Amino acid sequence: MASTDTSGNTSSDSLIQVHGLVKTYRRGSEKIRVLSGLELEIDTGEFVAFMGPSGSGKTTLLNLLGGLDVPDTGSIRIAGEEMAGLSGRALSRWRARHVGFVFQTFNLIPVLTAARNVELPLLLTRLSRAERQRHVAAALELVGLAGRMDHYPRQLSGGQEQRVAIARALVSDPDLLLCDEPTGDLDRDTSEEIVDLLRQLSDQHQKTILMVTHDPRAADRADHVLLLERGRLVRAADAQAAS
Amino acid sequence: MRFLPLLLRNLLRKKARTLLTIGSFMAALLLFGLLAIISRALSQGVDIAGADRLMVRNRVSLIMPLPKSYQMQIARIDGVRAVTHASWFGGVYQDRRNFFAQFAIDTETWRDVYTQYRMPDEQWQAFVADREGCAVGRDLARRFGWQLGDRIPIEGTIFSGTWELNIRAIYEGERPDEPTMDLWLHYDYLDERRTIIKGYVGWYAVRIADPAAAENVAGAIDSRFANSPFETRSETEAAFLSGLARQIGNIRLLILTVGTVVFFTLLLVCGNTMAITVRERRGELAVMRTMGYPQGLLLMLIMAESLLLAGLGGAAGLVLAKLITLGGDPTRGLLPIFYLAPGEMALGLGLALGLGAIAALLPGLAALHGRIVNQLRGV
């Protein structure tokens, strides 16, 4: 279960174990501490939403968990693997195997069809072309876009583009789906569809999903809502009370 | 191969830019091909000059003759295997613009020295037997549509009158790039008919036993005729032909300078194109890094795109240059060798690919340098 145990004690069977995480950025001569000794545990299959004001460290946390950035101090252990010691190349390999990213602005490659976009992560594997095509078809089927395989991003609606992005994040069957404001660029109805899809992936496919959002309606659909304030996690109950 | 669709899609992303870049490479490599052809033509024969041949000419100038009596004296010098001679005829066929070289040769000794020319023996014998006969190069015969047995009129410019010659032989070179644009006629026929400089020849060609002793033999020949009214200057055939080329100017330096400027400009053009291309895709590259694409692989993809542009444009330019050579020498004989060798095409393609790689390297490294999170912020 997602927890923010500040004692530093973590249960060894959690998928994600974060301990004493500190991250500081430098802006000119000024040092900005974004994360201050953050503690976190998340179990396999949990759907967790992170909320908090701008600059509270939500995206920084997501980047650190996804191996896109490295902490100043602290430990991040995911699926038993300590990430602090991994080199840049090893982190790339780790991301390819364990993480799928979904962004607010979809970030599809405009000159590739939906199928080719979804295939991109699989080009790093040893799968044959036929196997890749099978995986791509399954991923697009899962997000309800089996009939849009040959469409280019410009031929899709925003919601469909985000579904393709989710299929791309899922296609290599990662343990972890990291979604940075996935509904930020979508209207209300489409946002609900996307969150429904994430909910379904968590319930039916046991995907561990971490979602940064400003949308309380989207956050409500998660198993847990964790609030970040000044670089520290606050329990969900506290967050609701605060809001 | 699995990245080929991505590469091709990226190339077609900005079609006009891609076409213009390919066009730049094509134009540059076409120019490279033409410069290589001209360089080869102007230094004609230097590359194929016999290492075992010396050229002996009048010390004053190539246009000054030497006595025919020197032939026997040169033949007696140590290290000399064979001696032949040739004289510039300088005639015109139909029109002055139809320039080609004509040499009056000593048929008895010619093939002892110049062993590289190929023709059926019966044709050579027919030429030797006919005092009004001539032998022509394959390329020359092709240029004017001449056949064996044709009788061609050559208007003398140094030796007056019309010289009617019978084509008795058509020779070929040992190598495909060897010049075959000359006409050979009998020295005896020339010397019999002309009214001036009788008993003199243009220069001697000497075949020596040991190429390593070329300098010694040349020195011995020049010493033999020192302080005579017709002093000689002997040198290797390569040095002789290089000297002829230098009379036109330092062509190689000129060509090298032009080529360097063109390629440097191309590097700037291609580098600018790749810099714009990569800058436009910084966000996409960052997203691909989040998927686990290592920086090295992304750099290779960027470079592969540039190499593809350079390769396509370069190959097109070189093929165009090659096609131009197939149409024959457009100067009608001023460039007797008009040939783009496979080695020069390979060098051109290598240069294009090298430029393509360099042009993509710096923008690629700049785009992939740094943390992913910083690059994602720009998305």
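This is a predicted model: local features need pLDDT of at least 70, side-chain atom pairs count only at pLDDT 80 or more; totals for chains, interfaces and linings use all residues.
1. In chain B, helix α1 (residues 4-11) packs against helix α12 (residues 295-326) at an angle of about 60°, and their axes are 10 Å apart. Since angles of 65 to 115 degrees count as roughly perpendicular and those under 35 as roughly parallel, α1(B) and α12(B) are therefore oblique to each other. Their crossing is right-handed.

2. Which residues bring α1(B) and α12(B) together? From α1(B) come L7(B), N10(B) and L11(B), and these meet L301(B), A304(B), E305(B) and L308(B) in α12(B). Sorted by class, this contact of α1(B) with α12(B) has five nonpolar residues, one polar and one charged.

3. The contact between the chains takes 20 residues from chain A and 19 residues from chain B. On the side of chain B that touches chain A, the elements giving two or more residues are α1, α11 (282-290) and α14 (372-377) of chain B, and α11(B) gives the most, with five residues. By class, that side of chain B has ten nonpolar, four polar and five charged residues.

4. The largest nonpolar core has 65 residues, and those with the most contacts inside it are A49(A), F50(A), V118(A), L140(A), A167(A), L178(A) and M211(A). Helix α5 (residues 158-170) of chain A supplies the largest share of this core, six residues. If neighbours within four places in sequence are left aside, A167(A) is in contact with V118(A), A139(A), L140(A), L142(A), V143(A) and L145(A).

5. In soluble globular proteins, nonpolar side chains tend to be buried together.

Key
Residues are numbered from 1 along each chain as its sequence is written. Chains are lettered from A and ligands numbered from 1 in the order in which they are written. Axes are lines fitted to C-alpha atoms, for helices over the stretch in contact, and angles run from 0 to 180 degrees between N-to-C directions. Helices (H or I, at least four residues) and strands (E, at least two) are DSSP runs, numbered from the N terminus. Angles under 35 degrees count as roughly parallel, over 145 as roughly antiparallel, 65 to 115 as roughly perpendicular and the rest as oblique. A crossing is left-handed if the near helix is turned anticlockwise from the far one by less than a right angle, and right-handed if clockwise. Two residues are in contact if their C-beta atoms, placed from the backbone, lie within 7 Å. Ala, Val, Leu, Ile, Met, Phe, Trp, Tyr, Cys and Pro count as nonpolar, Asp, Glu, Lys and Arg as charged, and the others, Gly among them, as polar. A nonpolar core is a set of buried Ala, Val, Leu, Ile, Met, Phe, Trp, Tyr and Cys residues joined through C-beta atoms within 7 Å. A residue is buried if 20 or more other C-beta atoms lie within 10 Å of its own, exposed if 12 or fewer, and partly exposed in between; C-beta atoms are placed from the backbone.
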